[in-house]
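Please look through the chain below, strand by strand and then as a whole.

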Amino acid sequence: MMVPLALMGLGALAAAMAPRLLARSDWADREPVLALWVWQCVVVAVLLCCGLTMALTAAAASQAVRGNVFAPAPHGVVEAYALSAYGPWAAPVAVALACGAGWTAVMLTREIGRARTRRKRGRAELLERCPVLPGEESTGNRLVVLEGERPEARWLPGTPPRLVITTAALRRLDGRRLDAVLAHEQGHARARHHWLLHCSSALAVGFPQVPVFAAFRDQVHRLVELAADDAASRRFGRLTTALALVELNEHRGVFGPVPAQLAEVPRRVDRLLAPAARLSPARRLRLTAAAALVPVVPLVVTLVPALRVLG
């Protein structure tokens, strides 16, 4: 079988099977950081399949591209790929995949641009509501307290980053519960979760017809919250973190009959109050290694003809 067909089949298989397998797994909620890693490896593997297919079909369709792709390779390696056998479909496939790559870049650029616009708007509003006083410019203070009737806490990325909390949250939370909320937001910041959210949203919006990208976006939004909950609970305890979640969100009415999109907070509280047994270090290591091998498979498939010749 020709390598591009194998790569396209491999990408389609990963895109179709991975979300189903992960949805049936019983460990993702217990190990959100590991689940995020697995999802990233799957998406990278799908994108690699597309990128490598584009490179090979473009090399088959254009002598100029072929010279650049196989520049360091011996002549026998080029012959092993049988590029002349790809047929007239090579050029349309290469163009379609190149358009997809360009559209991905456009979507990611747009998502980052929109995020920066929202961040600038948020910083302008923050500066208006809480102006910097003389002498505060050089303190590097990252905590900003705003007057507000709704208990809220959020991390505002940027330079410098800001941890914003309202006076209502300060009145409602006390001691370790307040510390747990702040640790939750700091967990997002340390892990750079906003970049994962941007990438997953760009892929899902740019390719709504590809289910794996929509599932990636939905799972990333859920798993980053679980990961931040775990970061807070490791420092201040699961009960303290759960109570902080309840006190911070009970005004929203999320603990009664609510739509599905609002039911995630009660599930997070239940998870903290009734923790399931975590994976053993050995199984966690095996899953991590297996996920890391997923993006390697397209590379191995691509290099098989060359390895046969060079071997």
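Four bridges connect strand 2 (residues 153–156) with strand 3, and these two strands run antiparallel. This is a predicted model, in which local features need pLDDT of at least 70, side-chain atom pairs count only at pLDDT 80 or more, and totals for chains, interfaces and linings use all residues. Residues are numbered from 1 along each chain as its sequence is written, and side-chain values use heavy atoms, with hydrogens and water left out.

Some terms come first. Helices (H or I, at least four residues) and strands (E, at least two) are DSSP runs, numbered from the N terminus. Two strands are said to pair if DSSP finds at least two bridges between them.

How many of the five residues of strand 3 are buried? Five of the five are buried, so strand 3 (residues 162–166) is mostly covered, where buried means under 20% relative accessible area, exposed means over 50%, and partly exposed lies in between (1.4 Å probe, protein chains only). The cover is on both faces: Arg162, Val164 and Thr166 are buried on one side, and Leu163 and Ile165 are buried on the other.

The next step is to set these strands in the whole protein. The secondary structure comes to 13 helices and three strands. Of the 311 residues in the protein, 41% are buried. The C-alpha atoms fill a box of roughly 75 × 50 × 35 Å, taken along the principal axes. A contact means heavy atoms within 4.5 Å. Among contacts between residues at least 6 apart in sequence, 67% join residues at least 24 apart.

Some stretches carry a label from a record. UniProt, in an unreviewed entry, places the feature "domain: Peptidase M48" at residues 150–199. Over residues 150–199 the chain is 58% helix and 18% strand, with end C-alpha atoms 30 Å apart. The unreviewed UniProt entry also places the feature "transmembrane region" at residues 33–57, 93–113 and 287–307. UniProt positions are given in the numbering used here, feature names are shortened, and annotations may be inferred rather than shown by experiment. Residues 93–113 are 100% helix and 0% strand, and their end C-alpha atoms lie 30 Å apart. Residues 287–307 are 90% helix and 0% strand, with end C-alpha atoms 28 Å apart.

A few single residues are left. Ala82 has a positive phi of about 50° although it is not a glycine. Ala82 sits in the loop between helix 4 (75–80) and helix 5 (90–129), and its relative accessibility of 34% makes it partly exposed. Arg192, also not a glycine, has a positive phi of about 55°; Arg192 is found in the loop between helix 7 (176–191) and helix 8 (193–206).

Gly76 belongs to helix 4 and counts as partly exposed because its relative accessibility is 32%. Gly76 and Val309 are 233 residues apart along the chain, and their C-alpha atoms are separated by 6.8 Å. Val296 belongs to helix 13 (residues 296–310). Val296 and Ala189 are 107 residues apart in sequence and 29 Å apart in space, C-alpha to C-alpha.
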